[in-house]
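Here are my notes on the model you sent over, as numbered points. Have the structure open while you go through them.

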Amino acid sequence: MLDREGFRPNVGIILLNAHNEVWWGKRVREHSWQFPQGGIKYGETPEQAMYRELEEEIGLRQEHVKIVGRTRDWLRYEVPDHFIKREIRGHYRGQKQIWFLLRMCARDNDVNLRLTDHPEFDAWRWHDYWVPLDVVIEFKRDVYQRALQELSRFLTWPANGGHTHERRHTARYLRQPHAPRQPTPEQPCAPEAELVLVPGKQ
């Protein structure tokens, strides 16, 4: 499904933990890292597509997250010709994306990269919000920068500045499928009212 300019509607997901670190996934059999993303199917809203992609790519369901914010408009990137299948060259230009900022309410071990037969990622980690764009494929970097910048206005931080937690940037690797999980109400998202904005964090 392409628009008149040749862009495919798409969603991007920036998933936060309680410390405002972002979920950072390594693409299967590649050395590049990225956020979850995927196409919007015919008849879907961007929000419906986001929840579907969230489950397909990292195994989390709607009850495992809270929407914190989204981009106001579409963010576009063009795909170089050598990445485009020959049969759609001249028609397909790239992606236009609505980006969502989510707060994770589940536990780390609720993430499941093997929920589908064709996983997108084979490892993941938590990373500081301003991720290193040099590990993102080049033609997506500008959109990543714009999405992070626009959505950073929704970030809130604990009153202590959020610097007392231990850094947990160890990569976690793809694992075998497991039985369906139950929601984990014992790990709710922290109410935004209990958090305060810190000057300079915007």
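Predicted model: local features only at pLDDT ≥ 70, side-chain atom pairs only at ≥ 80, totals over all residues.

1. Arginine 29 counts as exposed because its relative accessibility is 77%, and the cut-off for exposed is over 50%. You'll find arginine 29 in the loop between β2 and β3 (33-34). Its phi is near 60°, a positive value in a residue that isn't glycine.

2. Now look at asparagine 20, which sits in the loop between β1 and β2. Here too phi is positive in a non-glycine residue, near 65°. Buried or exposed, though? Asparagine 20 is buried, since its relative accessible area is 2% and buried means under 20%.

3. On the overall layout: the protein has two helices and nine strands, and along the sequence they run β-β-β-β-α-β-β-β-β-α-β. Of the 202 residues, 48% count as buried. If you take contacts between residues at least 6 apart in sequence, 79% of them join residues at least 24 apart.

4. Next, the nonpolar interior. In soluble globular proteins, nonpolar side chains tend to be buried together. Here the largest nonpolar core has 24 residues, and those touching the most other members are Ile14, Phe35, Trp99, Leu101 and Tyr129. At least two residues each come from β1, β2 (22-27), β6 (75-78), β7 (94-104) and α2 (141-151). The biggest contribution is from α2, with five residues. A separate core of 22 residues lies apart from this one, and includes Val11, Trp23, Ile40 and Ile98.

5. Isoleucine 14 deserves a click of its own. Which residues does it contact, once neighbours within four places in sequence are set aside? The list is Val22, Phe35, Trp99, Phe100, Leu101, Leu102, Tyr129, Ala147, Leu148 and Leu151.

6. Then the largest pocket, with about 850 Å³ of space. It is lined by 28 residues, and Arg27, Gln37, Gln95, Glu120 and Lys140 are the closest to its centre. The elements giving two or more residues to the lining are β1 (7-16), β4 (37-39) and α1 (46-58). By class, the lining splits into ten nonpolar, nine polar and nine charged residues.

7. Last, an annotation to keep in view. The unreviewed UniProt entry marks residues 38-59 as a short sequence motif, "Nudix box". In the model, that stretch is 59% helix and 9% strand, and its end C-alpha atoms are 14 Å apart.

Methods: Residues numbered from 1 in each chain as written. Heavy atoms only, no water. 1 Å grid on protein atoms, 1.4 Å probe; cavity = no way out; pocket = protein on both sides within 12 Å on 5 of 7 lines; lining within 4 Å. Points joined across faces, edges and corners; volume = space filled by probe spheres on them. Helix = DSSP H or I, 4+ residues; strand = E, 2+ residues; numbered from the N terminus. Nonpolar A, V, L, I, M, F, W, Y, C, P; charged D, E, K, R; others polar. UniProt positions renumbered as here; feature names shortened; annotations may be inferred. Core = buried A, V, L, I, M, F, W, Y, C linked by side-chain atoms within 4.5 Å. Buried < 20%, exposed > 50% of the residue type's maximum accessible area, 1.4 Å probe, protein only. Contact = heavy atoms within 4.5 Å.
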